[in-house]
Amino acid sequence: MASKDEIQLDKEKFAYAVVNNYCPDEADDLKASKAVLTRFLTAYYLADKFNHMEEHQFDIAEANGDSLTVKLLAEGLNNIRLS
């Protein structure tokens with residue numbers, strides 16, 4: 001169960017928010033759909049990786065007697081790779 005200080009993103013809601021106003025510059029419907037799908041899936045898996053990273057960073061900070069800071073989260077975000 002998430003601690004009251006942990007941030008857990010709803011992966012699906014986050015991905016929909018990312019693509020909500022996205023209009024790819026593609027005249028071809030298939031290419032445009034692929035662009036939107038790529039962006040949706042990227043956002044979805046980024047949110048998933050963030051949730052795992054945040055859990056891990058929170059555990060480390062808690063074990064050290066510290067609190068999770070925005071700086072620590074930002075550093076973790078910079079290290080997320082989807083490949």
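**Notebook: salt bridge search and overall fold**

I searched the whole structure, a predicted model, and found 1 salt bridge. I counted as a salt bridge a side-chain nitrogen of Lys or Arg within 4 Å of a carboxyl oxygen of Asp or Glu. Local features required pLDDT of at least 70 and side-chain atom pairs pLDDT 80 or more, whereas totals for chains, interfaces and linings use all residues. Residues are numbered from 1 along each chain as its sequence is written, and side-chain values use heavy atoms, with hydrogens and water left out.

**The pair**

I identified the partners as Lys11 and Asp48, whose closest N and O atoms lie 3.5 Å apart. The pair links distant parts of the chain, with Lys11 in helix H1 (residues 11-19) and Asp48 in helix H2 (residues 29-63), 37 residues apart.

**The chain**

I noted 3 helices and 0 strands in the protein chain, giving the pattern α-α-α along the sequence. Helices (H or I, at least four residues) and strands (E, at least two) are DSSP runs numbered from the N terminus.

I recorded 23% of the 83 residues as buried. The protein chain exposes about 6,300 Å², of which carbon and sulfur atoms supply 52%; accessible areas come from the Shrake-Rupley method with a 1.4 Å probe.

Lastly, I checked contacts (heavy atoms within 4.5 Å). Among those in the protein chain with a separation of 6 or more, 62% join residues 24 or more positions apart.

Note on methods:
Buried means under 20% relative accessible area, exposed over 50%, partly exposed in between (1.4 Å probe, protein chains only).
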